[in-house]
Amino acid sequence: MAPPRSPMAPPRSFLWARRIFLTLITGFVLLPVYVMVSSSLKPLQDVSGTFRWLPSGLTIRPYIDIWSTVPLADYFVNSLVVAGAATVCSVVIAVFAAYAVSRYRFRGKRVFTVTVLSTQMFPGILFLLPLFLIYVNIGNATGIALFGSRGGLILTYLTFSLPFSIWMLIGYFDSVPRDLDEAALVDGCGPLGALFRVVVPAAIPGIVAVAVYAFMTAWGEVLFASVMTNDTTRTLAVGLQGYATQTEVYWNQVMAASLVVSVPVVAGFLLLQRYLVAGLTAGAVK
Amino acid sequence: MTTTTATAETDRRTVSGSTPGAARGPRRPGRIRRIGLPYLLLLPALVLELLVHLVPMVIGILMSFKALTRFSIRDWGAAPWSGWDNYKISVDINAPAGEALLHSFWVTCGFTVLSVGLCWLLGTAAAIFLQDTFRGRGLLRTLFLVPYALPVYTAVITWAFMFQHDNGLVNHVLHDQLGLTDKPSFWLIGDNSFIALLTVSVWKGWPFAFLVVMAGLQNIPKELYEAAALDGAGMWQQIRRITLPSLRPVNQVLVLVLFLWTFNDFNTPYVLFGKAAPEAADLISIHVYQTTFATWNFGTGSAMSVLLLLFLLVVTGLYLLLTSRRRKTADV
């Protein structure tokens with residue numbers, strides 16, 4: 001990991017500063033997590049009245065009710081399909097593009113990388129309405145339903161993570177010695193053979209990092225999900241708002257559902273985070 | 001691990017007799033296929049970026065010059081041209097629309113500066129404090145990444161619950177337990193909403209800074225610290241003279257990325273406040289969304305988005321120019 005500073009023992013002032021800072025920041029980080037977990041186990045009257053640190057009685061009722069108050073399972077499947085498909089497509093496309101940029105010289109290379117990267121800074125709001133109109137027009141002209149379908153959302157999301165993925169993979173592929181795939185070419189592999197047999201296996205950490213990033217981007221997106229979905233394709237990002245009715249917000253159910261929705265992503269991320277750190281070191285931070 | 005295998009393989013292959021540079025030269029057989037290949041590999045990415053980002057952007061720019069209402073939007077191509085009208089409405093600070101946009105712009109600027117600054121500060125401090133090994137370091141590192149890993153909307157919904165007037169944790173602690181306020185405050189409407197938004201944004205954003213700085217720390221050679229320690233530099237001095245200066249290139253990328261994300265952030269205010277944010281926390285992305293979709297001023301909304309993009313382009317350009325010039329002078 002990071003190089004430790006000096007071999008000598010840190011001074012007392014440093015140790016105290018570290019203790020105080022780490023305690024405060026840990027509290028800050030954990031506070032919402034505690035609220036989420038504890039509230040999800042409280043009866044409704046506990047979350048409707050004055051806040052209580054400890055529940056008056058523990059109940060798993062919210063975890064049962066969340067599935068019937070709103071069609072959470074359907075939203076879950078939608079999110080899973082959309083985020084999963086967007087991730088797979090985005091990673092495959094980014095691998096091809098990054099390989100081309102990393103290994104070949106060609107006209108327009110700089111233009112390509114600059115253009116792709118600059119799309120990162122477009123405010124989403126700028127192309128929300130035009131994209132919506134394009135999808136509707138394509139639908140009217142060809143009968144391919146993009147607006148309101150999972151396909152449209154997949155298409156949109158995969159381009160969100162694409163620039164960052166390509167950028168990070170270029171750095172990663174650059175760190176794989178060129179001799180390796182050139183040797184594979186000499187040994188009779190085609191360029192794609194060299195990519196899949198040599199470069200991709202050597203860059204697995206980078207590819208995993210990019211996949212994690214793509215999945216999280218798609219799983220957490222709100223703006224396009226709220227405009228471009230309908231009752232049957234709604235994702236979790238929009239669906240969770242369903243626990244608020246005209247008269248009451250079922251906060252214990254909201255927290256239970258939030259937890260259920262978060263656990264897969266957080267667990268996956270924490271398991272794979274060392275790849276992300278490794279990927280950032282090789283790709284982004286240079 | 002990969003590096004070891006890589007070197008071993010390179011050695012073997014080199015021995016087996018490839019002339020250096022042979023694979024790269026254009027004189028190899030099959031060159032026609034290979035010249036087209038990079039473009040073929042780029043094609044999917046290019047087509048998708050064009051379809052989802054660039055074409056919509058061009059259409060967005062076109063729309064900003066048209067008189068678009070909810071009636072003409074269905075056939076937007078046939079809508080009448082309006083010249084610079086939408087832009088005039090957007091920048092006329094004496095009229096309600098322009099005044100509101102300017103207000104929202106300043107709110108966003110203040111919010112962005114504070115949020116990026118705090119994220120950077122917390123992330124850097126945490127990364128430096130976790131640089132040396134001590135008990136519990138691994139656990140803390142994992143914990144600190146939780147806000148980054150949580151889906152935005154679940155994190156923000158939880159904060160929205162904590163900021164509730166009657167049943168939220170924040171008022172319970174500040175008013176009921178510590179007695180710091182006379183009566184429970186409103187956090188999601190009125191002036192306090194800015195503080196609420198900033199808190200959530202920093203909570204969600206600082207782990208990314210932490211992650212990037214942590215990665216950056218790995219590139220600092222250990223010898224620098226050892227040499228400094230031999231010269232008698234204490235720990236605080238090492239941080240000030242070695243760690244922080246060495247992080248400069250990393251920080252330049254980090255601050256730019258944080259700036260763009262924070263300035264464009266839509267998810268946080270949207271989940272925290274709903275479709276219309278309180279005036280004190282009316283971030284520009286929500287403001288444009290509101291203009292476009294709630295009041296159906298599609299043309300004006302587009303003009304505002306284009307202005308926003310221009311601003312981001314100018315700031316990013318200036319920033320890149322300044323940082324690259326400073327880097328050059330530093331090299332000399």
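This is a predicted model: local features need pLDDT of at least 70, side-chain atom pairs count only at pLDDT 80 or more; totals for chains, interfaces and linings use all residues.
Q: Noted. How many helices and strands does chain B have?
A: There are 15 helices in chain B, and zero strands.

Q: And how much of chain B counts as buried?
A: Chain B has 332 residues, and 51% of them count as buried.

Q: Let's look at a helix pair. At what angle do H9 and H12 of chain B cross?
A: Helix H9 of chain B (residues 193–217) and helix H12 of chain B (residues 248–264) cross at roughly 160°, and their axes come within 10 Å. Since angles over 145 degrees count as roughly antiparallel, H9(B) is therefore roughly antiparallel to H12(B).

Q: Is that crossing left-handed or right-handed?
A: Right-handed, for H9(B) passing H12(B).

Q: Nice. Which residues make the contact?
A: On the H9(B) side they are B:Ser201, B:Gly205, B:Phe208, B:Ala209, B:Val212, B:Val213 and B:Gly216. H12(B) brings B:Val250, B:Asn251, B:Leu254, B:Val257, B:Leu258, B:Trp261 and B:Thr262. By class, the contact of H9(B) with H12(B) has nine nonpolar residues, five polar ones and no charged ones.

Q: I've got B:Thr262 selected now. Buried or exposed?
A: B:Thr262, which lies in helix H12 of chain B, has a relative accessible area of 9%. The cut-off for buried is under 20%, so B:Thr262 is buried.

Q: Which residues does B:Thr262 touch, leaving out those up to four places away in sequence?
A: B:Thr262 touches B:Phe111, B:Thr112, B:Ser115, B:Val116 and B:Ser201.

Q: Switching to chain A: how do H4 and H9 of chain A pack?
A: Helix H4 of chain A (residues 72–103) packs with helix H9 of chain A (residues 191–202) at an angle of about 100°, and their axes are 12 Å apart. Angles of 65 to 115 degrees count as roughly perpendicular, so that is how H4(A) and H9(A) lie to each other.

Q: Which residues meet there?
A: From H4(A), A:Val95, A:Phe96, A:Tyr99 and A:Arg103 meet A:Pro191, A:Leu192, A:Ala194, A:Leu195, A:Phe196, A:Val199 and A:Val200 in H9(A). The contact of H4(A) with H9(A) divides into 10 nonpolar residues, no polar and one charged.

Terms used: Residues are numbered from 1 along each chain as its sequence is written. Chains are lettered from A and ligands numbered from 1 in the order in which they are written. Side-chain values use heavy atoms; hydrogens and water are left out. Helices (H or I, at least four residues) and strands (E, at least two) are DSSP runs, numbered from the N terminus. Buried means under 20% relative accessible area, exposed over 50%, partly exposed in between (1.4 Å probe, protein chains only). Axes are lines fitted to C-alpha atoms, for helices over the stretch in contact, and angles run from 0 to 180 degrees between N-to-C directions. Angles under 35 degrees count as roughly parallel, over 145 as roughly antiparallel, 65 to 115 as roughly perpendicular and the rest as oblique. A crossing is left-handed if the near helix is turned anticlockwise from the far one by less than a right angle, and right-handed if clockwise. Contact means heavy atoms within 4.5 Å. Ala, Val, Leu, Ile, Met, Phe, Trp, Tyr, Cys and Pro count as nonpolar, Asp, Glu, Lys and Arg as charged, and the others, Gly among them, as polar.
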